[in-house]
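Morning, everyone. Please bring up the model on your screens, and keep the sequence open beside it.

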Amino acid sequence: MQYKRKHQDSQSRQIVMVLLVLLVALLFVVRLFTLQVLDDSFKESADSNAFIKKTLYPSRGLIYDRYGNLMVSNQPIYDVMLVMREMVDFDTLAFCNAMNITRAEFDVRLDEIKNRRKNPGYSRYTPQVFASQITYEEYGELQEKLFRFPGVLVQQRVARKYTLPCGALQIGSLGEASQKQIDADAYYKRGDHIGQSGLEKQYENYLRGTKGEEILMRDVHGRIKGKYNDGANDVAPIPGKNLTLSLDMELQAYGEKLMQGKMGSIVAIEPETGEILAMVSAPSFDPELLVGRQRSANYATLAADTTKPLFNRPVMAQYPPGSTFKLVQALIMQQENIFDRNTLFPCKNGYYYTKTRKLGCHHHKSPIDLPTSIETSCNAYYCYGLRRMFDERLDKYGSIQGAYNVWRDYVFDMGFGDELGIDYPGEKGGVVYRSQTYDKIYGKRGWKSATIISIAIGQGELLSTPLQIANLAALIANKGYYYTPHLVKKVGDDLVDKTYRTPHKVDIDEKYFDVAIEGMHRVVKKGTARYGKIPGIEFCGKTGTAQNPHGEDHSIFMAFAPKDNPKIAISVYVENSGFGATWAVPIASLMIEKYLNREIDPSRLQIEKNMMEKSFY
């Protein structure tokens, strides 16, 4: 029995020993697997001794205007890279002098590189960005001294170069990719540049191209001896696609000159295509300010400017549409048989009266018909129309809510309320309340036309963008349809997406647009926009004044030209400047003349001078 127990103990010890040996072997296998397969550090170390892999950045796509004029090209810039493992016997002070930085700045940058939270891709075996976007001149000075600094190399990239100092917000700018952007797209790594705004951001995936790679051999001393395998393993970069814009570069630059010293916008559209000819946001700035190492400082200065030069007013600013909205009312009311071109409404002593208030108008003859109401911009006419639809046709609509919902559907159909869908980031829609919102404010039986009468004349609970007003001008010019406004004609050799080449037909008969056009033509011939007459060009327009609780009202004008076969539709907003006829009308007429004739008639050069020299801040 005792012998048997000893034999069993011996067998148990043998099993334990075998298990221990197997466990140790397993640990070795796991460790080797981790080091050789999961952990790249040894591979990186081995590779870095023999090779250096250099990213080849593609040329970013160029940007041209509608006539093929180059707007945006590329220029070389350089990043200074460090390979930490190779910085042996490194003369830090000499390097700081060569880079024109202090030792403290050097230490801060080095800490940021090694911080894996800020730089998750950090490896002491691979090149890390130390300083980005140094100029060609700075690179030339550093190149002569590079041999003194082991582990330092220079990576070439491209930065943007602009033909003219205009179109900054529309074109957009490049900036260093944030960690969030890097995490979202494996294409980018620390130090890479990405479109941060405007068309550079909207069309980033087309413009950026595809990176390449160059593999260089090194000797035992780390010196580069040439291409590995004679370059057979190199991958050439693929350039980005060029963009052909719808913008007229000359017209864009002219619009920015007219808007100097002003806050506001100009949007010009080709009605038959929806192509945007000019999109001016004022004040503007030179796009070169956001290129290179001074980008951050210049951006901070622009962001702190109280005139908001970084705010793209054509697509982001929301204003009351003012009297331009009377054209929307005229079209809806005709389609719904509320009134027709011959319907007469009074304007008693220049006012529209309700039981509790009176709404001011202009002094003109009374009563008047529909075309004359557009010519004189009569407020009372559209108040009577709204009352008739909302209060007096309940047999047709059932309730004021029903009438309002029908009205609102037309408004949305004509491009208000929602975003239009321009190929530009950050577009805002307008504001058009739901009937439920009024029910919530006033109660279901607590409101009628008089309660919200201001919407009849484009005030009250209505907001629109300058882009939407220009689109309205294009819609009327086309007599019932519009194309989604867009800034790009072609990407590479391909036409812009079909979305922008498909017309949107509104649910209003073409004959009703004739009445609106007649009234708009009278506005220019003998009405509130007569100051904007252009020799030899018949055009149609509508002035407006948007109320501004913070100061002077905003001057508004929308127009299209020529009257027959229109080639340009336009909206102009000049903030805090008063009546539409005073500033928006002449600016719009100059833009129209510049586009159609390519020059300004000598008789109007003084008007041009006045517009360019006037400043409101």
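Some ground rules. This is a predicted model, where local features need pLDDT of at least 70 and side-chain atom pairs count only at pLDDT 80 or more, while totals for chains, interfaces and linings use all residues. Residues are numbered from 1 along each chain as its sequence is written, and side-chain values use heavy atoms, with hydrogens and water left out.

Let's start with the rings. How many aromatic pairs does the structure hold? There are 29 aromatic pairs. A pair means rings of Phe, Tyr or Trp (its six-membered ring) with centres within 6.5 Å; planes under 30 degrees apart are stacked, over 60 edge-to-face, and the rest tilted.

Take Y78 and Y139. Their ring centres are 4.1 Å apart and their planes meet at 15°, so this pair is stacked. Now look at where they sit. Y78 is in strand 3 (residues 70-82), and Y139 is in helix 5 (residues 136-143). Helices (H or I, at least four residues) and strands (E, at least two) are DSSP runs, numbered from the N terminus.

Buried means under 20% relative accessible area, exposed means over 50%, and partly exposed is in between (1.4 Å probe, protein chains only).

Next pair: F339 and Y381. This one is edge-to-face, with 5.3 Å centre to centre and 65° between the planes. F339 lies in the loop between helix 13 (326-335) and strand 13 (351-353). Y381 belongs to helix 15 (residues 379-391), 42 residues apart from F339, and again the pair links distant parts of the chain. F339 is buried at 4% relative accessibility. Y381 is buried as well, at 0%.

Rings also gather in groups. F325, F390, Y404, W407, F416, Y433, Y438, Y442 and W447 form one aromatic cluster.

Now charges. Which ring does the charged end of K211 sit over? The ring of Y187, at 4.8 Å from its centre. The charged end of K614 sits over the ring of F616, 5.1 Å from the centre. The rule here: NZ of Lys or CZ of Arg is within 6 Å of the ring centre and within 35 degrees of the ring normal.

On to the helices. Two packed helices are described by the angle between their axes and the distance between the axes. Helix 10 (residues 249-258) and helix 21 (residues 584-597) pack at about 155°, with axes 10 Å apart. Axes are lines fitted to C-alpha atoms, for helices over the stretch in contact, and angles run from 0 to 180 degrees between N-to-C directions. Helix 10 and helix 21 are therefore roughly antiparallel. The cut-offs: under 35 degrees is roughly parallel, over 145 roughly antiparallel, 65 to 115 roughly perpendicular, and the rest oblique.

Which residues make the contact? From helix 10, E250, L251, Y254, G255 and L258. From helix 21, I587, L590, M591, K594 and Y595. Contact means heavy atoms within 4.5 Å.

Last topic: the backbone. Most residues other than glycine have a negative phi, and most peptide bonds are trans. Here are some exceptions.

The peptide bond from A282 to P283 is cis, with omega near 5°. P283 is in the loop between strand 12 (275-282) and helix 11 (295-304). S366 and P367 are also joined by a cis peptide bond, with omega about -5°. Find P367 in the loop between strand 14 (358-360) and helix 14 (370-376). P367 is partly exposed, at 44% relative accessible area. Leaving aside neighbours within four places in sequence, P367 contacts L344, F345 and P346.

Now positive phi. K308 has phi near 60°, and lies in the loop between helix 11 and helix 12 (313-316). S377 has a positive phi of about 55°, though not a glycine. S377 sits in the loop between helix 14 and helix 15, and is buried at 3% relative accessibility.
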